[in-house]
Amino acid sequence: MKSKRKYIWWIAMSIAVITLLHYFTTSYIWGFHDFYRRLYYIPIILAAFKFGLKGAMLSTLAVVVLYAPHLLIYFGRINIEVINQFLEISMFLIVGAITGALVESESKVRRLLEVQIMRLTDLENYTQNILDSILNGVVAIDKNMLIHSINREGKSLLNIKGEAERTYIYDYFENPGEIKNVMAEAIGKETTIQGYETRILKEQEKKTIIKIHGYPLKNILNRMEGMVIVMEDITEVKRLENQIRRVEKLSAVGELASGIAHEIRNPLGIIKTICQIMRKDAVDADTREGLEIIEAEVDRANRVIQELLDFAKPSVFHYRLQSMDRIIMDVLRITKKYAEQYKVKVDYQCMDDSMVYVDADKLKQAFVNIIINDIQAMPEGGNLCIKLQVEEDWIKISFIDEGIGIEKEKLEKIFEPFYTNKEKGTGLGLAITHRIIEEHKGYIEIESEIHRGTQIDIFLPKHPRGGAEDVKKNLDCR
């Protein structure tokens, strides 16, 4: 409003000053009058630009009303000169009308354009809101696999903090070369990508497994412009699938154990008894040695059967409020001599301690199994680092060794019953560990590299089953 008033005053003052110059300049200096008259175009055009046709016509009428008497005063009569001047005045009206009309037309076009831009912006925001409300990641890429747009879930899955536009989509995955080839083939052949599984390249402990679907993106001329990539997080689905497979194997183990354990133990007991009797009566040293070997192998077979029975039968957990640091310290005292025997130096780092409801004996069993496996993975000695820390609602215990490592295709199998790489192992130690952690509502993550070592991360909830108080009430009810 103040700006408009400023222009009104400026236009009015300009017309007034020019008119006064006319009236106070003598008539015989006609060259100055021609110059002053042309100055009237400035406020007229300015009024047209600032106030449209209405402003142009009002300023023009003001000029005519103020300038016309000057002609009659100086000429005193109507002649050809006066008529020429009045024709010049008509030019003021024409210029004002044309300029005002053009400005009005341009203003209307500008307003229509602003309305269209607002509509397009609203439509773009509406479309983006729809995309952001989709629970799967949606990414639009061009033929060079550069990202052009991405929704909120897509940024979350790919761990993108800022702008993602004009970056290559395959750079966000663990296997960029393979992803690039798959997408390039689909774009080149104008085909779809159905259910391609891969992992996200994220700087976090828990790896995200996703399933990729790709669909051709074409323009109005039906020409290939790129692809729309839909990313589905299947990490939890995969975890549940693995858990179901383990449960099925556990069920089979239980049936096997209950069905044959006693039938095998009875003959083994008879064999051991006969061996002991024969060993007492044996005179030959070789015979006694052979019988001792038979007896030792019978004992080992009995231990395997006992482990099988222990693994198959349901465990009873006794939850108490425990210090996780205290539990780990007890485990280190148990395994200290064993580590020294293998020349393994154990470095324990307690970054954060926490009191939590757990079965200390079961957790100790789980931790001992892991530490023994780590030590056995370093036959030439080495370092084993154990870290205890709290991450939000989870207690994280990490076991990092410098051992021989595990091949990637075998990582998912090491917690399965009877799977082992050891000559005398039963394959039940880590399976028992996994079951103990799951009973505590936790989970295990493992990463390994051949000849570099293995890292096992155990995550236990600080407040399982809805909080420590709820757990305590449930336990007290038992």
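## Exercises on a predicted chain

pLDDT is the predictor's confidence in each residue, from 0 to 100; contact means heavy atoms within 4.5 Å. Helices (H or I, at least four residues) and strands (E, at least two) are DSSP runs numbered from the N terminus.

The model is predicted: local features need pLDDT of at least 70, side-chain atom pairs count only at pLDDT 80 or more, and totals for chains, interfaces and linings use all residues. Residues are numbered from 1 along each chain as its sequence is written, and side-chain values use heavy atoms, with hydrogens and water left out.

**Exercise 1.** State the average confidence of the chain and count its helices and strands.

*Solution.* The pLDDT of the chain averages 80. A score of at least 70 is reached by 82% of the residues. The chain holds 13 helices and 12 strands.

**Exercise 2.** Determine how helix 9 and helix 10 are oriented to each other.

*Solution.* Start with the geometry: helix 9 (residues 324-341) and helix 10 (residues 360-376) pack at about 40°, with axes 9 Å apart. Axes are lines fitted to C-alpha atoms, for helices over the stretch in contact, and angles run from 0 to 180 degrees between N-to-C directions. Next, apply the classes: under 35 degrees is roughly parallel, over 145 roughly antiparallel, 65 to 115 roughly perpendicular, and the rest oblique. The two helices are therefore oblique to each other. Finally, list contacts: residues of helix 9 including Ile327, Val331 and Tyr338 meet residues of helix 10 including Leu363, Phe367 and Ile371.

**Exercise 3.** Decide whether isoleucine 15 is buried or exposed, and find its contacts.

*Solution.* Isoleucine 15 lies in helix 1 (residues 2-23). Buried means under 20% relative accessible area, exposed over 50%, partly exposed in between (1.4 Å probe, protein chains only). Isoleucine 15 has 5% relative accessibility, so it counts as buried. Leaving aside neighbours within four places in sequence, isoleucine 15 contacts Tyr40, Pro43, Ser59, Ala62, Val63 and Leu66. Its C-alpha atom is 9.1 Å from that of isoleucine 42, 27 residues apart along the chain.

**Exercise 4.** Find how many residues of helix 12 are buried.

*Solution.* Helix 12 spans residues 429-439, and eight of its 11 residues are buried. Among them are Leu430, His434 and Arg435. Lysine 441, which follows helix 12, has a positive phi, near 65°.
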